[in-house]
Amino acid sequence: MTVVGPFGLSVRDQALETDVQAGLAAVEAGLLEATKSEVPFITEAAQHLVRAGGKRFRPLLVMLASRFGDPYAPGIVPSAVVVELTHLATLYHDDVMDEADVRRGVASANARWGNSVAVLTGDFLFARASHILADLGPEAVRIQAEAFERLVTGQILETAGPRDGRDPVEHYLDVIAGKTGSLIAVSGRFGALMSGADESVVDILTQYGERLGTAFQLADDVLDIASDSHESGKTPGTDLREGIPTLPVLRLRETAARGGNPDDLDLVRLLDGDLSDDAVLADVLARLRVHPALEQARRDTIRYAQDARATLAPLPECFAKSALEELCDAVVHRAG
């Protein structure tokens, strides 16, 4: 058993491990090439997060999905570069919206160069992704456009909040299906589609990516509360401080709304107040870490990961399928 990709994913076949590592290396080279500009400052800003590293979760999914067709087909690596470039571009924009100071263990682009540079750098990455897409054909362009529309819609829904009478948890799950699930679904779809896999396989891996993407984001929600900055690559409590309604907080609010005890109501009051003070934020984090709402969010994460795993059942047994199943376990492990 060897280790490859994010979270120490184990791969039980040497040929698969070698091919996936080679594919990810080619993606890394493609990312550096795609983020070059004739203007040195643009190159520096565009490569800021590329060089900071990252899990490369989406390219890994492209590589594994391609194993159900021809894994050496020419469109696989470029499509993996497209999804990662798109993801990186959203991070630049997210950090501006969240006023984040740290991303992947380094200063965020907005903290280093200001909001305008960060936004424009994200736009530059979107443009480069579109340039690569144009060579992959109109179907790839359409798929990416639909996913990007869903991604932006999810972001807008998050900003607008749930409409009157809408269950906040259901609203939030719709938000993350768009913001996170859409692009991870495209990763599975591109890998299978570019490899020439059967249409039924393309559909299965698209659904798998959608469900795994939701589990992935829910695990991030848990990490924002339960981890330290070394684990998550960003300051713990960032989402809390910015008032982003992550699942553990929504579960807490559910409990409080049902007539929660005074401690729950006091914790909600603190969350609705000013969390700019580090001591107040530390107190809120400590209380949330031992609250049943966090454990409930973990159970929600597990449920979506199990659904993703079940989606794979019709696929033929092979090392790639086993690796995709282990990705579900790895996402759950991140949530503790």
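Helices α16 and α17 are roughly antiparallel to each other (roughly antiparallel means an angle over 145 degrees). This is a predicted model, in which local features need pLDDT of at least 70 and side-chain atom pairs count only at pLDDT 80 or more, while totals for chains, interfaces and linings use all residues. Residues are numbered from 1 along each chain as its sequence is written, and side-chain values use heavy atoms, with hydrogens and water left out.

**Stop one: α16 and α17**

Select residues 292-311 for α16 and residues 319-334 for α17. Helices are DSSP runs of H or I with at least four residues, strands are runs of E with at least two, and both are numbered from the N terminus. The two helices pack at an angle of about 175°, and their axes are 9 Å apart. An axis is a line fitted to C-alpha atoms, for helices over the stretch in contact, and angles run from 0 to 180 degrees between N-to-C directions.

Next, show the side chains. On α16, pick Ile302, Ala305, Ala308 and Arg309; they meet Glu325, Cys328, Asp329 and Val332 of α17 (contact means heavy atoms within 4.5 Å). By class, this contact has 5 nonpolar, no polar and 3 charged residues. Ala, Val, Leu, Ile, Met, Phe, Trp, Tyr, Cys and Pro count as nonpolar, Asp, Glu, Lys and Arg as charged, and the others, Gly among them, as polar.

**Stop two: α5 and α9**

Select residues 76-98 (α5) and 168-194 (α9), whose axes come within 9 Å and cross at roughly 170°. That angle makes α5 roughly antiparallel to α9. From α5, the contact uses Ile76, Ser79, Val83, Thr86 and His87; from α9, Leu183, Val186, Ser187, Phe190 and Met194. The classes here are 6 nonpolar, 4 polar and no charged residues.

**Stop three: arginine 56**

Go to the loop between α3 (48-51) and α4 (57-65), where arginine 56 lies. Most residues other than glycine have a negative phi. Arginine 56 is not a glycine, yet its phi is positive, at about 50°. Is arginine 56 buried or exposed? Arginine 56 is buried, with a relative accessible area of 8% (buried is under 20%, exposed over 50%, partly exposed in between, with a 1.4 Å probe and protein chains only).

**Last stop: the whole chain**

Zoom out. The chain has 17 helices and 4 strands. Its C-alpha atoms fill a box of roughly 60 × 50 × 40 Å along the principal axes. Buried residues make up 52% of the 336 residues.

Note on methods. Parallel < 35°, antiparallel > 145°, perpendicular 65-115°, else oblique.
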